[in-house]
Amino acid sequence: MVQALAQPDLVPLSQLENDLGISRVDLLLLLRRLGIQPIRRGMRTLLSADQAEQLAAHVGSGASLETITAELVLDEPGHDNLPVPVGESWGEAARYAQLRLLRERLEILETLMRSGIELDSRQLCDLLELRRLPAAQPLDDGSMGFIRLGLQFSRSQRLGQRSSWRIAKI
């Protein structure tokens, strides 16, 4: 194992998972605890050989990994967090999670509206969690579009068959 890590190249995390025998989650939590920043290249996450040696030495020292698996990653301070019920069913926690996702989507829509950025149909479907957009109908301002979540979505025609969607308040 140490021979493979001693190369001056970059070491992929998948190799470290196999060599050290720990899961990706535990590996990432351990890196965070040790203050090691992995290198990201596209879809790959890598460590330098020195960082990999440091990690292998820590795991080889017999340090307990039990506390790592129980560690929670909390939200950054300064962000408003919705209260999570303690002692109630997971259904309540799931509802709070859905409310948080809705709030985040509304914040994104508001940012897009203020900045004037237009979305293509696929992006808008993803943001609104729709399989397909509702049929466009004439709106009060004379454009074609639809109303959802208290916002007006107007279609703008682009070159060829392309269209984009502009967001405005009602």
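Author: Let us start with Gly21, which follows helix H2 and has a positive phi, near 75 degrees. This is a predicted model in which local features need pLDDT of at least 70 and side-chain atom pairs count only at pLDDT 80 or more, while totals for chains, interfaces and linings use all residues. Residues are numbered from 1 along each chain as its sequence is written, and side-chain values use heavy atoms, with hydrogens and water left out.

Reader: Which residues of H2 are buried?

Author: In H2 (residues 13–20), they are Leu13, Leu16 and Leu20. Seen down the axis of H2, these residues fall within an arc of 55 degrees, so they line one face of the helix. The arc is that of the directions from the helix axis to the C-beta atoms. Buried means under 20% relative accessible area, exposed over 50%, and partly exposed in between, with a 1.4 Å probe and protein chains only.

Reader: How many residues does H4 have, and what does it reach from its first C-alpha to its last?

Author: Helix H4 (residues 49–60) has 12 residues and reaches 16 Å, close to the 16 Å expected at 1.5 Å a residue. The expected span is 1.5 Å times one less than the number of residues. Ala49, Gln51, Ala52, Leu55, Ala56 and Val59 are buried in H4. They cover an arc of only 160 degrees around the axis, which puts them on the same side of H4.

Reader: Turning to the sheet, what is the strand order?

Author: The order is S4-S5-S6-S7, an open sheet of 4 strands with antiparallel pairing. Strands S4 (137–138) and S7 (163–169) stand at the edges, each with a single partner strand, so one side of each is left without a neighbour in the sheet. Helices (H or I, at least four residues) and strands (E, at least two) are DSSP runs, numbered from the N terminus.

Reader: Over how many bridges do S4 and S5 pair?

Author: S4 and S5 (residues 144–148) pair in the antiparallel sense over 2 bridges; two strands pair if DSSP finds at least two bridges between them. Pro138 stands opposite Met144 in S5.

Reader: Is Leu106 exposed or partly exposed, and where is its place?

Author: Leu106 is partly exposed, with a relative accessible area of 34%, and its place is in helix H6 (residues 90–115).

Reader: And what are the totals for the chain?

Author: The chain has 7 helices and 7 strands. Of its 170 residues, 29% count as buried.
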